[in-house]
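Please look over the structure below before reading on.

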Amino acid sequence: MLLQAQSSTPHFLPPLFPFKSTPKPQFITFKPTPLRRISLKCSLSVISDPSTATNHLELPNDRPFPAEVSRTIMELSSVGTLSIMTPEGWPLGVGVRFAVDHDGTPVLCLSESCKELSVDTRSSLHVQLEQCGLRTPQCTIQGSLDKPQDSMILKRLHSTWKKRFGEEVDENLMYVVAVERVLQMESFEEDGMWVSLSDYKNASPDPLRDFAEKIVNEINANNMDDIYRFCNIYVDLDFQVSEAKLIWVDRLGFDMRLYSPQKGAFDVRIPFPTEVSDEKGAKSSFNCMSQEAWEIEKNYQVPDFKKVKQLKQITYG
């Protein structure tokens, strides 16, 4: 990953991500060299229109919509709990593996004994995604458990299953959950939000989903100074942070978990300067924000943005 910059001085803070790609990326330890106030310009991979860009700490929509989050959870997960109604009138939840079709439809492989337990096609599929051990976003898909009969559809579903699990499957055991609506929740003990069928099917999974966890783990393991600097520079805090960690990163920004001995735990959302579309863009944004935060901390430049003020207190776990 290359960080391209122009300034009036050759001295820069080494970036969070190295200039040259290596098989196992390693962060560079920061050893700041004093510099004059500079105007940092970075090369980003973005999908937003630069002509309409606004201050990144004032964007009203700084996080993905629930439909997009739901699609991302389904794409990154492969196991869930299928709930059906038994002949005795009891709801029964069983663990299942699933793949996801192009429009987000869950594809399941069920044994005949499992299918015979259900007296109603109405069902739900509950799926969770643990994010770095700090948060568990989840979605529950409500719909009907259907058995496709069309040979072309079965062939497509078979291909979807093989691509996900690398194994053949008996097409006679293949089912789908025909989605009607989705309940999306940020984590345990959180209020959920209903997502309509059209919103769910029209949404796209987050483009950073396949490497978000890797980026977060690398920064948490190697760049704690920058994490604390992000808290102090980009967030309006009235308490001392004793511990901070990144939770997740997506195309619009990243979430952090902050701890205070006096006030407890909080989650905070910090937007990227502009929307990103790939791993290179995300790493470049982190580098730029790290450089900017360091310069502000050292009084080499004055912040020209409003700090994030919205924090969510965490009362569980």
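Among the contacts in the protein chain with a separation of 6 or more, 67% are between residues 24 or more positions apart, where a contact means heavy atoms within 4.5 Å. This is a predicted model, in which local features need pLDDT of at least 70 and side-chain atom pairs count only at pLDDT 80 or more, while totals for chains, interfaces and linings use all residues. Residues are numbered from 1 along each chain as its sequence is written, and side-chain values use heavy atoms, with hydrogens and water left out.

The secondary structure of the protein chain comes to seven helices and eleven strands; these are DSSP runs numbered from the N terminus, with helices (H or I) of at least four residues and strands (E) of at least two. Of the 317 residues in the protein chain, 47% are buried, a word that stands for under 20% relative accessible area, whereas exposed stands for over 50% and partly exposed for what lies in between (1.4 Å probe, protein chains only).

**Strands and their pairing**

Two strands pair if DSSP finds at least two bridges between them.

| Strands | Bridges | Direction | Facing residues |
|---|---|---|---|
| β1 and β2 | seven bridges | antiparallel | Gly80 and Val96 |
| β1 and β4 | three bridges | antiparallel | Leu82 and Leu125 |
| β9 and β10 | eight bridges | antiparallel | Tyr259 and Ala265 |

Strands β1 and β2 form a hairpin with five residues between them, and glycine 89 in the turn has a positive phi of about 90°. In a regular strand the side chains alternate between the two faces of the sheet.

**The nonpolar cores**

A nonpolar core is a set of buried Ala, Val, Leu, Ile, Met, Phe, Trp, Tyr and Cys residues joined through side-chain atoms within 4.5 Å. The largest has 35 residues, and those with the most contacts inside it are Val249, Phe254, Met256 and Phe286. The elements that give two or more residues to this core are α5 (212-222), α6 (224-234), β8 (243-250), β9 (253-260), β10 (264-271) and α7 (279-297). A second, separate core of 24 residues includes Val96, Cys114, Tyr175 and Ala203.

In α6, the buried residues include Ile227, Phe230 and Cys231, and the buried residues of this helix pack against α5, β8, β9, β10 and α7. Not counting residues up to four places away in sequence, methionine 256 touches several residues, among them Ile227, Phe230, Cys231, Leu246 and Phe266.

**Aromatic rings**

Rings of Phe, Tyr and Trp (its six-membered ring) pair if their centres lie within 6.5 Å, and planes under 30 degrees apart count as stacked, over 60 as edge-to-face and the rest as tilted. By this rule the count comes to ten aromatic pairs. One of them is the tilted pair of phenylalanine 254 and phenylalanine 272, with 5.9 Å centre to centre and 50° between the planes. Phenylalanine 254 lies in strand β9 and phenylalanine 272 in the loop between β10 and α7, 18 residues apart, and both are buried. Ring pairs also link Phe230, Tyr234, Phe254, Phe272, Phe286 and Phe305 into a cluster.
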